[in-house]
Amino acid sequence: MKVIVFTLLICLLASCGKRQSKNSLEGTWKMVYAETLENDSLTIKDLTNVEFVKIRNENHFAFFNQQTDSENAFYGGGGTYTLNGNNYSETLSYISVKNLRGHVFPFQIEFSGDTLIQSGIEKVEKANINRKIIEKYIKIH
C-alpha cells in the first residue's frame, strides 16, 4: 500500500510541473537585427541604444521598443497571431497609429540555432506603407 501511495504521489508531483509549450514561438524575444527594404533603400536598424522585445503567449503578441538613451522614445503594440507551419500572421489590434489597427501582417518564420527569423511584406495602403522586412530575434525567456 505504501508503494502505491508513494508512486501516486510521484506521478502527481511530476504532472504538476511547469507546463511545456508545444509552440516554439511562445516566450520573450529580443530583436538583434532588423532590415527594411522600401523602394530602393535598404535600412539596417541601429540597435545600439534600442531595446526591442516581442512577447508571445499561446495566441497573442506584444512588442515594445525603447531607446535606452531617451525617456520619450517608446512605442509598443500588440494583438493576436496565427501560426500554420512557417506561415505566421499578426493582427495588430493595439497601436497608436489608427490606420494600422486591425491590419493583418503575413510573415514567414524560420529558426536558425537560437535565432528566430521573421520576414515578409508589410503593406498597408491607408498608412502609405509598402516594405519588405527581415527581423532576427533571440529568445531571452
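Q: How many helices and strands does the protein have?
A: Helices (H or I, at least four residues) and strands (E, at least two) are DSSP runs, numbered from the N terminus. Here the protein has 1 helix and 9 strands. Their order from the N terminus is α-β-β-β-β-β-β-β-β-β. The model is predicted: local features need pLDDT of at least 70, side-chain atom pairs count only at pLDDT 80 or more, and totals for chains, interfaces and linings use all residues. Residues are numbered from 1 along each chain as its sequence is written, and side-chain values use heavy atoms, with hydrogens and water left out.

Q: What percentage of the residues count as buried?
A: Buried means under 20% relative accessible area, exposed over 50%, and partly exposed in between (1.4 Å probe, protein chains only). Of the 141 residues of this protein, 30% count as buried.

Q: Where is Gly 78, and is Gly 78 buried or exposed?
A: Look in strand 5, residues 74-84. Gly 78 has a relative accessible area of 4%, so it is buried.

Q: Which strand holds Ile 117?
A: Ile 117 is in strand 8. It is buried, at 15% relative accessible area. Ile 117 and Tyr 137 are 20 residues apart along the chain, and their C-alpha atoms are separated by 6.5 Å.

Q: How many salt bridges does the structure hold?
A: Side chains of opposite charge can pair when their charged atoms come close. The cut-off: a side-chain nitrogen of Lys or Arg within 4 Å of a carboxyl oxygen of Asp or Glu. This structure holds 2 salt bridges. One joins the side chains of Lys 54 and Glu 90, at 2.7 Å from N to O. Lys 54 is in strand 3 and Glu 90 in strand 6, so the pair ties together parts that are 36 residues apart in sequence. Lys 54 is buried at 3% relative accessibility. Glu 90 is buried too, at 7%.

Q: Which residue forms a salt bridge with Arg 131?
A: Glu 122 does, with the closest N and O atoms 2.7 Å apart. Arg 131 is partly exposed, at 27% relative accessibility. Glu 122 is buried, at 12%.

Q: What volume does the largest pocket have?
A: Start with the method. On a 1 Å grid over the protein atoms alone, a pocket is an open set of points where a 1.4 Å probe fits, with protein on both sides within 12 Å along at least five of seven lines; lining residues have an atom within 4 Å of a point. Grid points are joined across faces, edges and corners, and the volume is the space filled by probe spheres set on the points. The largest pocket here has a volume of about 600 Å³.

Q: Which residues lie nearest the centre of the largest pocket?
A: They are Phe 52, Tyr 75, Glu 122, Arg 131 and Glu 135, out of 26 lining residues. Elements that give two or more residues to the lining include strand 1 (27-38), strand 7 (103-112) and strand 8 (115-124). Strand 9 gives the most, with 5 residues.

Q: How many lining residues are nonpolar, polar and charged?
A: Ala, Val, Leu, Ile, Met, Phe, Trp, Tyr, Cys and Pro count as nonpolar; Asp, Glu, Lys and Arg as charged; the others, Gly among them, as polar. The lining of the largest pocket has 15 nonpolar, 4 polar and 7 charged residues.

Q: Which residues form a nonpolar patch on the surface?
A: Patch residues have over 30% relative accessible area and no salt bridge; like charges are joined within 9 Å, and nonpolar side chains (Val, Leu, Ile, Met, Phe, Trp, Tyr) within 5 Å. Areas come from the Shrake-Rupley method with a 1.4 Å probe; for residues, only the protein chains shown count as cover. Leu 37, Leu 42 and Ile 44 form the patch, with about 260 Å² of accessible area together. Leu 42 lies in strand 2, residues 41-44. Leu 42 is exposed, at 52%. Ile 44 is also found in strand 2, and is partly exposed, at 43%.

Q: What phi does Asn 39 have?
A: Most residues other than glycine have a negative phi. Asn 39 has a positive phi of about 60°. It sits in the loop between strand 1 and strand 2, and is exposed at 72% relative accessibility. Asn 128 also has a positive phi, about 55°. Its place is the loop between strand 8 and strand 9.
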